Amino acid sequence: MLATETSPPAAAGRWALDQAQARSIGLFVLSVLAVYALQPAMPIRQMDFWLPTASLALTVMVWAATSSAFATHRRPDRATLTDAALIGGITLGIAALRFVEPLSTLITRTSPPAVLSVSAALAITALLAVAAGRIIGLRPAWTTALVIALMALLFVLKYEPLTQAFAALLRVAQGQSASQASALDVRWLGFSYICFRWIAALRERALGRLPAMSLREFVTYAVFAPALIAGPIDRPERFLKDLRASFAFNWPDATEGVRRIAVGAFKKFVLADWLALLALNEVNAAQAQGAGWMWLLVYAYAWRIYLDFGGYTDMAIGVARIFGVRLPENFNRPYLKPNLTQFWNSWHMSLAQWFRAYYFNPLTRALRMRAWAAPTIIFVGQVTTMVLIGVWHGVTLNFALWGLWHGVGLFLHNRWADFAKARLAAMQERPRLQGAISAAGALLTFHFVALGWVWFALPDAALSLGVFRKLFGL
Amino acid sequence: MTLDARTALRIAVKALLLFVALNLVFALTDPVPALGRLSLYNVLWPGRARLPYGDDPVRAYNLSLFDLNAMFASHALAGVPKRADEFRVLLIGDSATWGWLLRNEDTLAGQLNAMRLKTADGRIVRAYNLGYPIMSLTKDLLVLSRAAAYRPDLVVWLVTLESFPADQQLAHPIVQHNAEAVRALIAEHHLRSRPDDAALLAPTFLQRTLVGQRRALADWLRLQTYGALWAATRIDQHIPEAYEPAQRDLDADRSFKGLLPPALPKDALAFDVLDAGMRIAADAGARVLVVNEPILVSTGRNSDVRYNFFYPRWAYDQYRVLLRDHLQSRGVDYLDAWDLVPQAEFTNSAVHLTPAGSRMLAEALAKVIIGRG
């Protein structure tokens, strides 16, 4: 019998508890497996096994650094050992599939490495985790060092020359020629998102706000399968609340989950993939003739990126919802917002909130302490935040220019809102006029954002400038 | 909205029934041909200058599909009513006519139109490229049977020996996927190809359902979508900066399609298809000019044995005689342009021309067209 919303709590209690435990273990195992199963193949030998293993190893180390389990030199409790054994067991189990030829690529794209190598990697991970726990666990201030190290790794993966050097290093380690190394060799699935979850946990720990999390809970949070590829980036305490809540399968959540998956799949696989045929790209940007056609390509790109990303998010939220986890929304009709500030409150919301919490707010607080003028603080805060959001997608001039475009846009809107506040307030009694201004604002905002995509979609600034020239017939 | 298990099940069953019903209706009504006639080309986007074909859709903004209705509906020919002062010339042929590695303005049709030719009675010559990159006379016949409705004054049919082997006529996807039309042509013109040939596909009931036809529907949608990029860029083929040139040094192989010297049997070639094309053109009130298209005449190794990768000398020489005699016996206009273009003006194949080579052929053709007009 399945518990439903109408089941009496007393009758459902025991069953719900069992389902909650099963859900917790199930999500943990599913997420660990997904790290391997979703990782694409790479030209570097066995990297489709080693990079997911590195994701898990780093997750365990970050957990150890944020946990109090090692801080007092106590031995880890049984639950921790069980969780660690489960992760190690899954990893070794996947590696052992290499001996079962028809199943050797059941989870990973290529045959896994030798079990002995994997055992050694697990042993090193355990030692590093204990070290991280004992060194950083006792000194919360040291979390900053770990955050910097993780950001450096993220930088390596986002900055093409360094990624190429990293690829060369990995190639040599695997006995392959470094001369063939390319930045495209390293496709570390979901690293940007996982890394931001690690940093969120480390920062919350440093601020004393991170709730105690078991290894199983932390791993599930960091590499949560539905959100592994493209987010959203949940906050640890919010995710934990859902994970610890009693769970019973229920039809409303399941049907809503299926509905979100269907909507997301339609957005992604029908609309976005269709618009991809028309969307602005490096090739057609140089070939399109006439301003009208160029606008069509830009509009197609604007909707394509929204529907693609929004579709993925819908599917992630839908899958999580079936398991009783309510991932945060990432989009809230962003192209209908009447100004850029509201756009950024409704576009990739979890990323924007992450930057607000861990960069913008601390920065502006620090600048206020130095008694900087308010407009200067706003300018520096918004521009640097948006440039960082830009280069999070890749350390290139165009991503930085995209960030700058939005940073300056947000600053200008902030100043305008400040200037027009009194005048707009006076219009509150004229709803039609207010509606017209709002509609005009939405149109203007959409076009500002769409033009911003010209930086984002293309690989170099000269090409983007060429597109702007064509768009405006210059 | 709150759903209980029963409601969810009811919705699932209804959705399944609807899905099955939709597939049944689709299979029974077969709306794909009718859908193919609906086109954004010549309405929202300009018509294409050549029939859709493309192995690299993302870079060519073009794709290969099998729906002749959709292919013709996307062509500029379908969007231009024939004017009283127009002398309409349709060019039928293979990839050389379609213009492999050539921009539209460099194809034979493009070059002819650029010449702004006028016939003796003052009509303006307007050439339409209906080439398609497949070497089969039956494919040409299929195209011609559709094109005849567009009131041509002259059909220029560019042929080469590679399109003639009788046993190869049906060995091409575009022919196989238009089995019904090909069977009708076989029956009407008593062609030697067999209507029950296994190469002509007979879709099963499942293949006619919505699910079975998803590829055809997706192709139709992609064709309409790529129209915007065709309009925006006027590009319909990805032309690489470098390509492997056609082979000049050849193997000392005297065989042609399994045939060996001394004689090329006439019945091994599909002259019956050529005759059927003449009848179709005549029924449409058009004259036909058959052109033996230029081939690369190599001077490399073993060029005493072969002209090029495609043809051993003995077979090609005999083919030219057979073709000339056949057309002469039927009073059909004929231009043998086989050695018109020097070997330097061929690109990646023994029949693909450079813009300059295409220009040479266009100039030769122009003289004949004006003479016939």
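Biologist: What counts as a polar contact?
Modeller: A polar contact is a pair of N or O atoms within 3.5 Å; within protein, one must be able to donate a hydrogen and the other to accept it, and residues adjacent in sequence count only if both atoms are side-chain atoms. The structure is a predicted model, in which local features need pLDDT of at least 70 and side-chain atom pairs pLDDT 80 or more, while totals for chains, interfaces and linings use all residues. Residues are numbered from 1 along each chain, chains are lettered from A in the order written, and side-chain values use heavy atoms, without hydrogens or water.

Biologist: How many such pairs cross the interface of chain A and chain B?
Modeller: There are 4 residue pairs in polar contact, both partners at pLDDT 80 or more.

Biologist: And how many salt bridges?
Modeller: The rule (a side-chain nitrogen of Lys or Arg within 4 Å of a carboxyl oxygen of Asp or Glu) finds 0 salt bridges between chain A and chain B.

Biologist: How many residues does each chain bring to the contact?
Modeller: Chain A brings 15 residues and chain B 18, contact meaning heavy atoms within 4.5 Å.

Biologist: What area is buried, then?
Modeller: The two chains bury about 1,500 Å² between them, with 71% of it on carbon and sulfur atoms; this is the accessible area (1.4 Å probe) lost on being put together, summed over both. Of the area that chain A buries against chain B, 39% comes from W251(A), L277(A) and W293(A), more than from any other three residues.

Biologist: Which helices of chain A are involved?
Modeller: On the side of chain A that touches chain B, α10 (251–275), α11 (282–287) and α12 each supply at least two residues; helices are DSSP runs (H or I) of at least four residues.

Biologist: Changing topic: how many residues line the largest pocket?
Modeller: The lining has 40 residues, and K158(A), S192(A), H393(A), G394(A) and F399(A) lie nearest the centre of the largest pocket. A pocket is an open set of points on a 1 Å grid where a 1.4 Å probe fits, with protein on both sides within 12 Å along at least five of seven lines; lining residues have an atom within 4 Å of a point.

Biologist: Which helix gives the most to that lining?
Modeller: α12(A) does, with 5 residues. Helices supplying at least two residues to the lining of the largest pocket include α5 (143–158), α7 (191–206) and α16 (397–426) of chain A.

Biologist: And for the second largest pocket?
Modeller: There α9(B) gives the most to the lining, with 4 residues.
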